[in-house]
Amino acid sequence: MKKARLEDGQVVLAHQFNKAVHAGQLLCADPNCTAHMVFRKESLTHGASAIRSASFVSKAVSDHIAHCSAHEDFAILARTKKSIEQALKDDKTSIIINLNMALTDDFNNVARDLVCVPSTFEKGTYVTASAKSVEDVLDYIKTIEEKGGKQGLAKTFVNYKSKTMPVTDFVIDSEDKYRDLLNKLYKKVDTARPEADLADFPRLIDFKATKRSRGLDEGDLFGTPVGIMKAQGNKVVLLQAADVPPEFQTTLRGENVHIVAIPRLDLTEAKKVLQRLRNTANSKSYLHMHWKVVGAHQFTPIETPEPAQQPKPAPGQQTSFGI
Ligand SMILES: [Zn+2]
């Protein structure tokens with residue numbers, strides 16, 4: 001595991017761990033789970049051909065509670081990956097990744113049980129893969145991409161509370177996809193009443209904390225802004241805001257992470273910006289896209305180091321998912 005919980009409730013990432021600073025017991029990252037964790041530092045793998053990154057390990061899966069969102073049950077993962085591989089060999093079989101995870105504060109066990117496959121898929125024409133964390137999602141996508149390539153991804157869908165979305169739309173890894181998401185949310189602005197209406201299906205994003213966020217000890221956590229050109233020479237600068245509880249504030253500051261979260265615009269702010277886009281030309285507006293994080297299962301460090309000699313990708317043009 002890449003995360004563990006300290007005695008004071010703070011979550012620490014494996015590469016952040018410092019024995020001198022983080023004294024005391026290490027627990028599973030799921031706040032409801034009491035499994036003890038041990039730190040395993042970075043090491044060379046067999047034959048010294050690769051580096052195994054630092055992590056936290058528990059003695060046994062049975063140490064964790066039944067609904068733990070953090071442990072990696074390799075037996076279940078291996079079985080699921082096998083059925084994914086079989087589905088990839090058959091043109092007619094789709095793959096559905098079920099997001100069985102809390103993405104809002106009001107998520108409870110009842111809601112968890114309601115996550116089910118939508119009726120638009122005929123029984124027997126799909127296989128399902130249960131994802132209880134962002135790590136699971138990344139793992140499945142990697143398997144599908146490696147074994148089935150673009151064709152495999154094209155028949156993969158993500159299911160959250162009985163709504164589905166193609167995985168290629170679910171993964172936001174380009175400026176175009178941010179634009180599509182913004183347009184989708186903006187279609188609801190004129191009719192939206194409560195703020196909650198300006199939310200959309202969960203997405204997987206790369207969140208890279210800005211320099212300013214990194215420099216501060218507390219306060220808002222912002223990720224790389226995305227510039228989006230609109231009609232009449234107007235421009236919207238989409239500011240990525242990670243809405244995280246106090247126990248993750250320090251964890252995520254200065255980090256590059258993958259996040260699965262529900263995107264949301266503030267209705268008042270969105271209305272104001274939309275009015276401006278309609279009534280002016282050549283203007284520049286700032287708009288916050290909020291990504292709510294309620295649990296450690298929603299984020300994981302981006303492990304691929306960016307090569308220093310290569311030019312950095314433009315904001316919103318990261319392609320670490322290869323989609
Ligand atoms: Zn656990």
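**View 1. The whole model and its confidence.** pLDDT is the predictor's confidence in each residue, on a scale from 0 to 100. The protein averages a pLDDT of 86, and 87% of the residues score at least 70. This is a predicted model, in which local features need pLDDT of at least 70 and side-chain atom pairs count only at pLDDT 80 or more, while totals for chains, interfaces and linings use all residues. Residues are numbered from 1 along each chain as its sequence is written. There are 8 helices and 18 strands in the protein; these are DSSP runs numbered from the N terminus, with helices being H or I of at least four residues and strands being E of at least two.

**View 2. Where to read with care.** Confidence is lowest in helix H2 (residues 109-114), with a mean of 44, and highest in strand E11 (residues 171-172), at 97. The pLDDT is below 50 over residues 109-117, a stretch that has 9 contacts in the model beyond near neighbours in sequence. Two residues count as in contact if their C-beta atoms, placed from the backbone, lie within 7 Å. Over residues 308-312 the pLDDT also stays under 50, and here the model has 0 contacts beyond four places in sequence. Where pLDDT is low, the predicted coordinates should not be read in detail.

**View 3. The sheet E8-E7-E9-E10.** Here 4 strands make an open sheet with mixed pairing, in the order E8-E7-E9-E10; two strands pair if DSSP finds at least two bridges between them. Strand E8 (126-131) and strand E10 (163-166) are the edge strands, each pairing on one side only. From one strand to the next, the twist averages 30°. Angles run from 0 to 180 degrees between N-to-C directions, and axes are lines fitted to C-alpha atoms, for helices over the stretch in contact. Helix H1 (residues 74-89) packs on this sheet, touching strand E7 (94-99) and E8, and its direction makes about 150° with that of E8. Helix H3 (residues 134-154) lies across E7, E8 and E9, and runs at about 150° to E8.

**View 4. The hairpin of E9 and E10.** Strand E9 (residues 156-160) and E10 run antiparallel, joined by 4 bridges. Look for tyrosine 160, whose bridge partner in E10 is lysine 163. The hairpin has 2 residues between the strands, and lysine 161 takes a positive phi near 50°.

**View 5. The sheet E11-E12-E15-E18.** Another open sheet with mixed pairing has 4 strands in the order E11-E12-E15-E18. Its edge strands, each pairing on one side only, are E11 and strand E18 (299-301). E11 runs parallel to strand E12 (residues 203-208), and 2 bridges join them. Isoleucine 172 stands opposite isoleucine 205 in E12. H3 packs on this sheet, touching E12, strand E15 (256-261) and E18, with its direction at about 95° to that of E15.

**View 6. The largest nonpolar core.** A nonpolar core is a set of buried Ala, Val, Leu, Ile, Met, Phe, Trp, Tyr and Cys residues joined through C-beta atoms within 7 Å. Ile97, Val137 and Ile259 touch the most other members of the largest such core, which has 69 residues. H3 gives this core its largest share, 6 residues. Leaving aside neighbours within four places in sequence, valine 137 is in contact with Ile97, Ala131, Leu204 and Val260.

Technical notes
Buried ≥ 20, exposed ≤ 12 C-beta atoms within 10 Å, placed from the backbone.
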